Amino acid sequence: MRKASRLFEIIQILRVAKRPVTAAAIAERLEVTVRSIYRDIAALQATRVPIDGERGIGYIIRPGFDLPPLMFTIEETEAVVLGLALIERTGDKELTAAARKVTQKIAAAVPQPLRQVVSARALHAWGPIAPQPANVDFTLIRRAIREEEKLALSYQDEQGQLTERVIRPLALIYYLDAAMIVAWCELRQAIRNFRLDRTRNCTRTGLHFRNEGDALRDVWISGWKTKPAE
């Protein structure tokens, strides 16, 4: 087990312990020497992780120490970092900025040397970035989904016909070539998918569909494979 992984595991063991845990017990669980555990605990204490105890008696973390990033293993943390990197490829500028802030917060929250796992920049997501739709604001759509607010669309279908729609937005799907709104269309009285690159205008209506979103998403999920884009 790598040292960084071991440090994560030691913190996790001590976080859930109801009584002091001896270095021997930790060493047996992690399949390393007791001496290694003593060195690891000293390293964690040096980075201000509030571990109390001593050799022969056991160790425990003082109450109140609970950093969310430490709930993840090394591999889980790497998955989060890579997932955040992939967000940049969606073309959603606000989410990209938020993802970078999350990465910085995780790196700042974990103690050294665990921080190196996040800040080493060893994981990257290369590839084209989806184009930003010219007439649509991602932020507006995401907010409408959260607040269950209807949106008004000027939408051009595959045949080039322009129609005015009022939709109940349910989900936002990001593809490499385009993004898509999943919504209940009041014109069609059915779930429809709307490509943002065909949307000529998208505005708020001030009208809501409170407490209907989850039920409509269930309808979508139960038959989403049969719902083509408009």
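## Aromatic pairs, a tryptophan and a helix crossing

F138 has 2% relative accessibility and so counts as buried (under 20% relative accessible area is buried, over 50% exposed, and in between partly exposed, with a 1.4 Å probe and protein chains only). The model is predicted: local features need pLDDT of at least 70, side-chain atom pairs count only at pLDDT 80 or more, and totals for chains, interfaces and linings use all residues. Residues are numbered from 1 along each chain as its sequence is written, and side-chain values use heavy atoms, with hydrogens and water left out.

The structure holds 2 aromatic pairs. Rings of Phe, Tyr and Trp (its six-membered ring) pair if their centres lie within 6.5 Å; planes under 30 degrees apart count as stacked, over 60 as edge-to-face and the rest as tilted. F138 and Y174 make a tilted pair, with 5.3 Å centre to centre and 40 degrees between the planes. F138 belongs to helix α7 (residues 138–147) and Y174 to strand β4 (residues 162–174), so this pair ties together parts 36 residues apart in sequence. Helices (H or I, at least four residues) and strands (E, at least two) are DSSP runs, numbered from the N terminus. Y174 counts as partly exposed because its relative accessibility is 26%.

Y155 and F194 form an edge-to-face pair, 4.9 Å centre to centre and with 90 degrees between the planes. This pair links distant parts of the chain, as Y155 is in strand β3 (residues 149–156) and F194 in strand β6 (residues 190–195), 39 residues apart. Both Y155 and F194 are buried.

W220 is found in helix α8 (residues 213–223). Its relative accessibility is 16%, so W220 counts as buried. Leaving aside neighbours within four places in sequence, W220 is in contact (heavy atoms within 4.5 Å) with A171, I173, V182 and I191. The C-alpha atoms of W220 and I191 are separated by 6.5 Å, while the two residues are 29 residues apart along the chain.

Elsewhere, the axes of helix α1 (residues 3–16) and helix α2 (residues 23–30) come within 11 Å and cross at roughly 125 degrees. Axes are lines fitted to C-alpha atoms, for helices over the stretch in contact, and angles run from 0 to 180 degrees between N-to-C directions. α1 and α2 are therefore oblique to each other (angles under 35 degrees count as roughly parallel, over 145 as roughly antiparallel, 65 to 115 as roughly perpendicular and the rest as oblique). On the α1 side the contact is made by R6, E9, I10, I13 and L14, and on the α2 side by I26, R29 and L30.
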